[in-house]
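Student: I would like to take a close look at a single part of this structure, the place where a ligand sits.
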Amino acid sequence: MSDVINIGLLGLGTVGRGVWQLLERPNDVITNRLGCRLKIKKILVRDPAKERGVDIPASLFITDAREILDDDDIQIVVEVIGGTLLARQAVNQALAAGKSVVTANKELMANFGQEVMEEAERRGADLFFEASVGAGIPIIQPLKVSLVGNRIQRVMGIINGTTNFILSKMDDGQGYEAALAEAQALGYAERDPADDIEGKDAAAKIAILASIAFNSRVTAGQVHTEGISAVSAKDIMYARELGYAVKLLAVAKLDDGSKSSGIDVRVHPAMIPLDHPLAAVTEAYNAIFVEGDAAGELMFFGQGAGSLPTAGAVVADVVLAADNIQRSTAGRLGCTCFNSWPIRPIDEVESSFYILIEAMDRPGVLAQIAKVFGDHQVSIGNVIQKQTEQGLAEVVFMTHRVVEGNLRSALDQIAALDVVDKVRNVIRVEVGQT
Ligand code: NAP
Ligand code: HSE
């Protein structure tokens, strides 16, 4: 048993600063549980002279990762740099040196999870990544450990704080650009906010959750991904009128019973009924539903981005790693992807849809569009028609559940009709059970 466990912190940005704050304040619970102190010995940054708003001795800053990776007195490496270049290299090297690693990096875990986990396994080292999904919400550990007695059928939710913040603000009438700037200032967005806006961040997170839930490797690139950039203020207005909120939804479902068995995994904007619990998740909050055959439905809710919520999850992992070091038991109960479920093509997935079309405002137009839908087994549940300032008819169709491939073929034909100006947007509608 050691009196002190030394930590090497890679990165001192939004998350790193939070980790410093939480580990540097006195915490009797941690000290008593571990029987030792946790001490940040070195911190890797690009620019040691940068003003960071935290009081940290300059002697701790380093600019060469090897000073941490080659330091035998450092037992735990915390990676909060982001990206997959230096982060991937440093995580692999730390594990190879027998150090425990804690990371908040979803991009790394969703693209190179197999590589780093196998390295951890080989070296008998711990690799924890709770903060990579849902920031302050415990979700990795519950899926890995608490729900291990369940067969998980579905994981679904809002897992990107930045886009949820932007959509909430747009719902309140704020413009997209101003909302994005505010999310960036609050430390929610990725270094390149396009990762949030285009759904890449959420795709990485749902890939991680699906891999653990179904014990089958899912990588970020296998997730059907659509971001929020096509969602307009008009879509949000129509959603309200029809009783829905627009959210960036991540879904992972295992169908293990039918001919088309496999994992349906996707990220896209979705209309959620206003009385559904997900519709009430606003700002940078996240919520994740998990459906298990024993537990039924569970909902995990909390702050999905930001310095201290994320740092809290990192610190919890550091304590787990330190506890294992104290007991000489690192490397227990990892994630094992012993299944190899195929990924279901999006064309086979069934959903309901909101479709906004601009067409000529004259007799017979709706009938022509409706005929194409009918020819493709697309059944319409609701229609709203309004006139635009340009004298066109703006028509909103809400469909019943339809196979996506059929809908896309119908829309290709509709877009080519002489009477149709443009298919403006198509958004899936999540209805029924949570
Ligand atoms: P950030 O604010 O951009 O901070 C990154 C830090 O890494 C900075 O301190 C930077 O140094 C350092 N760094 C980057 N490249 C480096 C290099 N080549 N050499 C040395 N230092 C380097 O990022 P963040 O928001 O804290 O996110 C960090 C990780 O946590 C990412 O994987 C992110 O996806 C994940 N995460 C973030 C949140 C959140 O709410 N922000 C939540 C959950 C997970 P300088 O300060 O000198 O530039
Ligand atoms: N950029 C991420 C988000 C940070 O907005 O959710 C948390 O992972």
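Which polar side-chain atom lies 2.6 Å from an oxygen atom of ligand 2, that of K106 or that of another residue?

Tutor: Before the answer, please keep in mind that this is a predicted model, in which local features need pLDDT of at least 70 and side-chain atom pairs count only at pLDDT 80 or more, while totals for chains, interfaces and linings use all residues. Residues are numbered from 1 along each chain as its sequence is written, chains are lettered from A and ligands numbered from 1 in the order in which they are written, and side-chain values use heavy atoms, without hydrogens and water.

K106 has a polar side-chain atom 2.6 Å from an oxygen atom of ligand 2, and a polar contact here is a pair of N or O atoms within 3.5 Å. The side chain of T162 also has an N or O atom 2.6 Å from an oxygen atom of the ligand, whereas D196 places a polar side-chain atom 2.7 Å from one of the ligand's nitrogen atoms. The protein covers 93% of the 260 Å² of accessible area that ligand 2 has on its own, as computed by the Shrake-Rupley method with a 1.4 Å probe.

The residues around ligand 2, with a heavy atom within 4 Å of the ligand, include N160, Y188, E190 and K205. Two or more residues of this shell come from each of α7 (161-171) and α10 (200-214), where helices are DSSP runs (H or I, at least four residues) numbered from the N terminus. By class, the shell holds three nonpolar, four polar and five charged residues, with Asp, Glu, Lys and Arg counted as charged, Ala, Val, Leu, Ile, Met, Phe, Trp, Tyr, Cys and Pro as nonpolar, and the others, Gly among them, as polar.

Technical notes: Polar contact = N/O pair within 3.5 Å; in protein donor to acceptor, adjacent residues only side chain to side chain.
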